[in-house]
Amino acid sequence: MTVRWRTLRDEAVVRLSESGVADARQEVRWMIERATGRSVAEQTLVIDEPATEREVRFFDEMVGRRAGGEPLQYVLGRWGFRALDLLVDRRVLIPRPETEVVAGLAIDVLKALGRPGVAVDLGTGSGAIALSMAVEVWPHVEVWATDASPDAVAVARANLAGLGRRAAVVRLVEGDWFAALPDELCGRVDVLVSNPPYVATADALPAEVADWEPAGALLAGPDGLDDLHVIVESALEWLADDGVLIVEIGETQGLAVHDLAVAAGFGSVTIERDLAGRDRALICRRRHP
């Protein structure tokens with residue numbers, strides 16, 4: 001039986017709307033793009049064309065997964081982050097706009113060095129921050145990306161393979177925080193950046209997050225600060241004399257992490273806000289600029 005994309009689209013919009021998806025029409029456009037390879041802008045060219053059996057199966061599967069509550073990013077299997085198109089699935093956190101701000105801060109520091117720099121991304125997940133630094137500062141950067149999760153490292157490695165020759169500046173290693181790094185990096189790191197777990201175990205999370213994203217990349221003890229303690233308290237020995245630590249934080253953690261960084265011995269500590277005006281990043285320098 002021949003079915004046209006217009007019919008598939010309209011039925012999918014109704015199904016997703018009834019399942020509680022707020023912007024069902026836009027999400028269906030993205031699913032059609034994924035199924036056909038045609039951009040949203042090009043879909044007027046295919047909307048009245050018949051879909052192949054394979055396309056129908058793939059599209060119906062995506063719609064069913066989304067109607068069942070699975071996050072759109074996992075359903076599509078890819079998601080944009082700055083200049084990147086990243087593979088994402090349940091092994092890693094979904095890249096978010098707030099983390100794009102954190103990556104941008106790190107990239108700005110590297111570009112301002114005036115020389116090739118060394119950058120470390122702790123807990124890289126999908127590789128979003130590390131690969132953004134590699135692409136946007138290439139070739140004047142050496143990037144080390146670490147993660148304790150072998151599943152996350154596998155995803156990051158798949159994304160790294162998509163960088164072409166820019167991948168040559170990235171070293172991806174499995175291990176827990178600083179333990180994954182070689183000793184020779186001590187005192188050489190210009191930018192140390194991380195989006196660690198920072199959600200308190202008792203905090204309520206949206207169902208799409210709590211039910212689907214990896215808890216190990218989200219939860220960090222009763223106050224959400226367990227991993228931030230590890231990173232901030234150990235960072236100084238790895239940073240170069242003018243090195244910078246940039247860490248994503250929760251919107252209520254600014255004061256606590258500021259005090260933590262001062263106690264760790266950093267000479268300059270600031271809290272950067274995101275585009276919504278919420279505390280989002282801890283920026284620490286070994287010495288005052």
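## Notebook: tryptophans, a sheet and some salt bridges

I started with tryptophan 5, which sits in helix H1 (residues 5-18). Helices here are DSSP runs of H or I with at least four residues, strands are runs of E with at least two, and both are numbered from the N terminus. The model is a predicted one: local features need pLDDT of at least 70, side-chain atom pairs count only at pLDDT 80 or more, and totals for chains, interfaces and linings use all residues. Residues are numbered from 1 along each chain as its sequence is written, and side-chain values use heavy atoms, with hydrogens and water left out.

**Entry: tryptophan 5**

Is tryptophan 5 buried or exposed? I found it buried, with a relative accessible area of 2%. Buried means under 20% relative accessible area, exposed means over 50%, and partly exposed is in between, with a 1.4 Å probe and protein chains only.

Next I listed what tryptophan 5 touches, skipping residues up to four places away in sequence. Contact means heavy atoms within 4.5 Å. The list includes Ile32, Val46, Pro50, Glu55 and Phe59. I also checked aspartate 227, which is 222 residues from tryptophan 5 along the chain. Their C-alpha atoms are separated by 48 Å.

**Entry: glutamate 55**

Glutamate 55 belongs to helix H3 (residues 53-67). Leaving aside neighbours within four places in sequence, it is in contact with Trp5, Ala35 and Thr36.

Glutamate 55 is buried yet has no salt bridge. A salt bridge needs a side-chain nitrogen of Lys or Arg within 4 Å of a carboxyl oxygen of Asp or Glu. The nearest side chain of opposite charge is arginine 54, 6.0 Å away. For charge, Lys and Arg count as positive and Asp and Glu as negative, while His and the chain ends are not counted.

What lies 3.0 Å from a polar atom of the glutamate 55 side chain? I found the backbone nitrogen of threonine 52 there.

**Entry: the sheet**

I then traced the sheet. It is open, with 7 strands in the order E5-E4-E3-E6-E7-E9-E8, and the pairing is mixed. Two strands pair if DSSP finds at least two bridges between them. Strand E5 (170-174) and strand E8 (268-273) are at the edges with a single partner strand each, so one side of each has no neighbour in the sheet. From one strand to the next, the twist averages 15°.

I looked at one pair. Strand E6 (residues 189-194) and strand E7 (residues 239-248) run in the parallel sense, paired over 5 bridges. Valine 189 has leucine 239 in E7 as its bridge partner.

Which helices lie across E7? Another is helix H9 (residues 226-235), lying across E3, E6, E7 and E9. Axes are lines fitted to C-alpha atoms, for helices over the stretch in contact, and angles run from 0 to 180 degrees between N-to-C directions.

**Entry: salt bridges**

How many salt bridges are there? The count comes to 17.

Glutamate 136 pairs with arginine 82, their closest N and O atoms being 2.8 Å apart. Glutamate 136 is in helix H6 and arginine 82 is in the loop between strand E1 (78-81) and strand E2 (84-87), so the pair ties together parts 54 residues apart in sequence. Glutamate 136 is partly exposed at 23%, and arginine 82 is partly exposed at 35%. Helix H6 (residues 128-137) itself is mostly covered, with 8 of its 10 residues buried.

I moved on to arginine 278. It forms a salt bridge with glutamate 98, with closest N and O atoms 3.5 Å apart. Arginine 278 is in the loop between E8 and E9 and glutamate 98 in helix H5, 180 residues apart. Aspartate 274 also bridges to arginine 278, at 3.4 Å between the closest N and O atoms. Aspartate 274 is buried, with 9% relative accessible area. Shared partners join Glu98, Asp274, Arg278 and Arg280 into one network of salt bridges.

**Entry: tryptophan 79**

Last, I looked up tryptophan 79 in strand E1. It is partly exposed, at 22% relative accessibility. Its contacts, not counting residues up to four places away in sequence, include Trp30, Leu72, Leu86 and Pro95.

Key:
Polar contact = N/O pair within 3.5 Å; in protein donor to acceptor, adjacent residues only side chain to side chain.
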